[in-house]
Amino acid sequence: MSRWRCVLRFALAASLALLCLPDSAVAQFDGVRSHIQRILVDEGIPSIAVAVARDGEIIWEEGFGWADRERRVRATEHTMYSLASISKPITATGLMVLVERGAIDPLRPVNDYLGEAKLNARVGDAADATVRRVASHTAGLPLHYQFFYEDEPYPRPPMDETIRRYANLVAAPGERYKYSNLGYGILDYVIYRVSGKSYPDFMREEVFLPLGMTRTSVDIGPGLAEYQAIRYAEDGTPIPFYDFDHPGGSAVYSSAHDLIRFAMFHLNADLVDQRGIISDSAIEMMQQPVVKTGPQRGYGIGWASSVNGRGLEIVSHSGGMGGVSTILVLAPAENVAITVLSNASSRWPGQILREILAVLLPDKAPPAATASGRPDGESARFEAEGKLRGTWRGEVHTYNGDIPFILEIHESYITARLGDQLWTLVNEPSFEDGYLRGRMMGDIGTEDANRRPYDLHLEVKLQGNVLHGSLVAISRRANRVGNALTHWVEVKKQ
C-alpha cells in the first residue's frame, strides 16, 4: 500500500486545505532536504523555501529554518520572501496585460507614456528607446540601484525626479545589453500612468489575485506583515525595511507556493483556479530573446533564457540584494519549474537548484561549476594603445551641474582629475571591445551619492577622438547594500 505525506495548505479562498502527495514524490528529494538542513546549521542561513512543479502539478514545496529568528516564526512554503529581481518577470507580466488590451504598444517610445520627465538621449535617439527595449535592457539606460531604509532620513523621491536625475541613455538604443533596474522602475511608472491605478494596486488586482497568488504583493501589503521573511545582513542582524526608486525591478514579495504557481502559468499549465490574464502568444513573446547576452544566453521581456552544455533550455530569473537570494527556473520542454528562496545573501539557492535539477533531469542537469579565468589576485597588465594615449578633457554631468573631468592616459597607467580635486590613479584599467574601464576615487558632489562611501567606476566607449559613457558612484561593501548611481561623462582628446 503506498504511503502519502500530507501538509496543510492555503487554498485560494484563504481557507485551509489538506494537500497529500505520494511519499515517493517527496522522497526523491530527501537528499536535497538533508543538505538544506545542514546548510542552515553550517552556514548560519536563517531560512530557505523550495517549490517544484512538473507536468502541471506541485510535487514538492517546503520551508526550512526561521522566517523571523527574533519572533521564532518558522519558514513554510507560504512564507513571503523578498524576491529582488524576480520582480522583473512579474512586472513584465503586468505590462503585457496592458499590451494585450491595446493600452501600450511595445514598439512605441517609452517616453510616449511618461509625463514631463523623459529619457534623455546623451547618445542615439530617445525615440528608439521603445517599451520593448526598456523591458529587455537594451534601451541604453545605465546601471542603477538606490535603496531607502526606513530608519534613515532619506525619503524616496518622486519617480519624475529619479527620471530627471538618472534616466540618461549612455548607449544608443538597441546597441547593447545593459542590465538596468531603472528601466523596470520606469515600467512600473508606465503601468501606473496608463492604468490609472498605483503599481501595487494594479499588480494585485490584475496579476496576483487572478493567478491565485494570495501571498504575493508589492512590498508587504496590508494584513500580510505576519507572513514575511525578515531580511538578514551578513552578520546575522535583521535589516531595517527598505524601499527603492525602482519597485518594478525589485519590490515584489511572494511565497514559494505562489511563485511556483506563477511559473506554472508561464508554462501554460491551465490551472483551474487561474484566469488567463495574458495569451499563450504573449507568454511566448516574453520568453523569446530580444538580445543575445552571451554564448547560448539571451534576454526577452522580463525573462532570461539559456541553453546549458547538455541541451537543456532554461527560462529563468534570479534575484540578489541585502538579505535576499532567490532563483526561479522554468524548463518549458520538460514542463518543469523550480524556485528556491532565502532571506539571506548567499550562493546556496543556486546550488540547491542544481541539486533539484539533478534529481528531476539527471541527463540534462548542468554540470558542477568549474573555476576559470585568472588566479585570484592576478590582473591583466594595462597597455594603452596609441590612439588612447594623451590628455582627454570634458565634463561629468550630475543633477547638480557639470564637473570638469580630465583623463591622462599613459602607456601603462591612467590618472584622472575631477573638478578641482586632487589627481588620482585609475585602478584596474582595461580596454576591451572599444570600452575603457577602471575604478577611481573622487567626490561626485551629489546628496544621493554622498549618503554612503563610494568609489567611481568608469566605463567609456571610444568613438574617434571622444570617450563617452558612464561614471558610476557605487557604494563600498558594507552591512547594508548601498547605491549605484550613474552619471554621463564625455571627454575629447586634446
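Guide: This is a predicted model, and in the protein 55% of the 494 residues are buried.

Visitor: Why is S305 called buried?

Guide: The word applies under 20% relative accessible area. S305 has a value of 14%, so it counts as buried.

Visitor: Where does S305 sit, and which residues does S305 touch?

Guide: You'll find S305 in strand 15, which covers residues 304-307. Leaving aside residues up to four places away in sequence, S305 touches Q287, P289, Q296, R297, G298, Y299 and I314. A contact here requires heavy atoms within 4.5 Å.

Visitor: How many helices and strands does the protein have, and what makes the protein as compact as a globular protein of that length?

Guide: There are eleven helices and 27 strands. The radius of gyration is 23 Å, close to the 23 Å from the globule rule for 494 residues, so the protein is as compact as a globular protein of that length.

Visitor: Which residues touch the most other members of the largest nonpolar core?

Guide: That core has 112 residues, and L119, I186, F405, L407, I409 and L467 touch the most other members.

Note on methods. Residues numbered from 1 in each chain as written. Predicted model: local features only at pLDDT ≥ 70, side-chain atom pairs only at ≥ 80, totals over all residues. Heavy atoms only, no water. Helix = DSSP H or I, 4+ residues; strand = E, 2+ residues; numbered from the N terminus. Buried < 20%, exposed > 50% of the residue type's maximum accessible area, 1.4 Å probe, protein only. Core = buried A, V, L, I, M, F, W, Y, C linked by side-chain atoms within 4.5 Å. Rg over C-alpha atoms; globule rule 2.2 N^0.38 Å.
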